[in-house]
Amino acid sequence: MKKVLVHNIGLLCTPVGSHVHAGAQQAEIQSIPQACVLAEDGVITYCGPASGLPQGAAEGARRIDAGGCLVTPGLIDAHTHLVFGGWRQHEIPLKLAGAGYLDILRSGGGILSTVKHTRQESEEQLTQKAWAFLDEMLTLGVTSCEIKSGYGLDLETELKQLRVIRELAQSHPMDIASTFLGAHAVPEEYKDNSDGYVDYLIDTMLPAVAEQKLARYCDVFCETGVFDVPQSRRVLEAGKALGLLPRIHADEIDAIGGAVLAGEVGAVSAEHLIATDEEGMQAMAKAGVIADLLPATSFYLDKTFAPARRMVELGIPVVIASDFNPGSCPSLNLPFAMNLGLLRYKLKPEEVLNAVTINAACSVGMEDRLGTLEAGKQADLVIWDAPDLEMILYRFGSNLCRTVLKKGEVVACHEGKE
Ligand code: NIG
Ligand code: FE
């Protein structure tokens, strides 16, 4: 048996339980001063005040000194597009000249430019590139994530991307949830025939994805000029019929009814919601849809920020994720998104913590084993070079991770600090 004891924790902050934390609960966490965590074979067997550790329990354990610092659960990034070919820095002059995100897509760039590169790259090349992103995420305290396909837009490349995600899930230390996002854009081959593409997706792509068990979720980019509400409904319903749980890119640029549709189809989550309205939020609240908010995308696209405070008020569980992708958010820095959660959404530090731990776990189906530090859960935790939560949310731009543990193993350690 492999035992590890994280001791000398100045303050341990964690949500409790395996349920979404919404409304007043969004701010509920347990804070334990002078704590320790004991894990055996990657699973927590004790988490609490150091004085309460049963005598002899830590015998033979590897000891990790937290140096009197803050410890939280490992962060969970519930929305990424991190398997892609190429980059899109060539769009910067267009952006500076005032072109909007959808203008660039309409002119054949944007997502479609990434599709071209993703189709060209081999499974090995894509895996290698994504692997390095996951390694970088670990150094930032992110120990689990969701990954979407959506840069293939044809059967062969969507399956290739999903196989890459599966390979990463099987081989990389991160826990990974897989989402089929074939409805990410209308490919060149179906230009001016988006209904034809939706037919192809439903008749050909979805059954193959389901049959090969390559995704747990089905997502759609419901947006002006991409997929409208009836098309999005068709995709999500077809996915549901094959056992794929619905999630949706909703009201990112325009409020065209994506959040309302999320409520109607019983989506696990509606994501982005920058432009969402009261009707959309009411529908989500009623149906128990989780809001996956992506503040670094608002920042990069120079948009307003989703009405997170109103969502908490309405009892909608809020998640904060990175949206890492080469177009609308070329940053995988979830702690930066957390900083924006405080500074722009005006969420309390405790609300932000729940947004990237237990609520994120619930939105990607990992809540039974992840998202909190409690006996029985996986020993995924971060020792921060900070005394409290406020410090990590306030010192934006610095990486305050000191040591990161995944299943009780050290996966990132910032030199000289341990
Ligand atoms: O979540 N909006 C759609 N999809 C991504 C952007 C993808 C891209 O631009 O490559 C997003 O923002
Ligand atoms: Fe996205």
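Colleague: What makes β11, helix α9 and β12 a right-handed unit?

Modeller: In this predicted model, β11, helix α9 (residues 278-287) and β12 form a β-α-β unit. With the strands pointing away from the viewer, the path from the first strand over the helix to the second runs clockwise, and the unit is therefore called right-handed.

Colleague: How do you know that β11 and β12 pair?

Modeller: Pairing requires at least two bridges. β11 and strand β12 (residues 290-293) have three, in the parallel sense, so they count as paired. Within this pairing, E271 stands opposite D292 in β12.

Colleague: Why are β10 and β11 also called paired?

Modeller: Strand β10 (residues 245-250) and strand β11 (residues 269-272) are linked by four parallel bridges; the requirement is at least two, so the term applies. H249 has E271 in β11 as its bridge partner. The chain passes from β10 to β11 through helix α8 (residues 258-265), in a right-handed β-α-β crossover.

Colleague: Where is A321 found, and why is it called buried?

Modeller: A321 lies in the loop between β13 (318-320) and α12 (334-343). Its relative accessible area is 0%; buried means under 20%, so A321 is buried.

Colleague: Which residues beyond its sequence neighbours is A321 in contact with?

Modeller: Leaving aside neighbours within four places in sequence, the contacts of A321 include D77, A78, H79, L293 and L294. A321 and H79 are 242 residues apart in sequence, yet 5.5 Å apart in space, C-alpha to C-alpha.

Note on methods:
Residues numbered from 1 in each chain as written. Chains lettered and ligands numbered in written order. Predicted model: local features only at pLDDT ≥ 70, side-chain atom pairs only at ≥ 80, totals over all residues. Heavy atoms only, no water. Buried < 20%, exposed > 50% of the residue type's maximum accessible area, 1.4 Å probe, protein only. Contact = heavy atoms within 4.5 Å.
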